[in-house]
Amino acid sequence: MPDTHAAALPSVISSVEELEAIYGQPGEASLVKVADRITPQYRQFIEASPFMALATVGPDGLDCSPRGELGGVLHIADEKTLLLPDRRGNNRIDSLRNVVRDPRVALLFLVPGSGSTIRVNGRAQLSADPALLDRLAVDGKPPRTVMAITVGEVYFQCARAVVRAELWNPERHVDPKSLPTPGGILAAMSEDRVGGQAYDEEWPERARKTLW
């Protein structure tokens, strides 16, 4: 459904030719870095990453959601296959709903302390095979599904965005107390039916018991 509230912009760019006239063509380094498989160098980055964003698309719209796990956010089965266990969450399963209807996915990996990010584009399938789930269990708790991602392309993104954001600079870290809390947001959105201070106070223990 089109967004009828989108603000009107002057001089809207509406063709690839207009874009290329502004930006020109990418340099050789931007092109040769793209691989169609997980190379040894890209494997090192992915295995070092505890956090990534997963982007999906489906008939109901787009989704981009975080995935995180210390020791590696996903598992490399082979140079063309990545395995992403679906750990405990809020059961909205927006990204999983998308994947069963449209297999296209995009991944963005972050490595704390590194300015470089790794991007993977591919196609995904979901499995609830008991042997596969048990193989990826943590503390004896298997994921409910595993996303198997076939790599189409993988490449690094230069560090400019991370450098501009000073993402890893502790002096730039935001005090969480200056931000709205999840409980506060829920209370505001539900006219105080759910959320509130009790939600925030109970969340750390609830998360500890349901992490996996």
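**Close-up views of a predicted model**

**View 1. Cys-158, a partly exposed cysteine**. In this predicted model, Cys-158 has a relative accessible area of 30%, which makes the residue partly exposed. Cys-158 takes part in no disulfide, and the nearest cysteine sulfur, 19 Å away, belongs to Cys-64.

**View 2. Cys-64, an exposed cysteine without a disulfide**. Let us now turn to the partner in that distance. Cys-64 has a relative accessible area of 57% and is exposed. The structure as a whole holds zero disulfides.

**View 3. Ile-149, buried in strand β7**. Strand β7 spans residues 146–157 and includes Ile-149. Ile-149 counts as buried because its relative accessibility is 0%. Which residues does Ile-149 contact, leaving aside neighbours within four places in sequence? They are Lys-80, Thr-81, Leu-82, Val-105, Leu-107, Arg-123 and Ala-124. Arg-104 also makes a handy landmark here: Ile-149 and Arg-104 are 45 residues apart in sequence, while their C-alpha atoms lie 9.2 Å apart in space.

**View 4. A nonpolar patch on the surface**. With a relative accessible area of 55%, Ile-22 is exposed.

Conventions. Residues are numbered from 1 along each chain as its sequence is written. This is a predicted model: local features need pLDDT of at least 70, side-chain atom pairs count only at pLDDT 80 or more; totals for chains, interfaces and linings use all residues. Side-chain values use heavy atoms; hydrogens and water are left out. Helices (H or I, at least four residues) and strands (E, at least two) are DSSP runs, numbered from the N terminus. Buried means under 20% relative accessible area, exposed over 50%, partly exposed in between (1.4 Å probe, protein chains only). Contact means heavy atoms within 4.5 Å. A disulfide is a pair of cysteine sulfur atoms within 2.5 Å. Patches are made of residues with over 30% relative accessible area and no salt bridge: like charges are joined within 9 Å, nonpolar side chains (Val, Leu, Ile, Met, Phe, Trp, Tyr) within 5 Å. Accessible areas come from the Shrake-Rupley method with a 1.4 Å probe; for residues, only the protein chains shown count as cover. A salt bridge is a side-chain nitrogen of Lys or Arg within 4 Å of a carboxyl oxygen of Asp or Glu.
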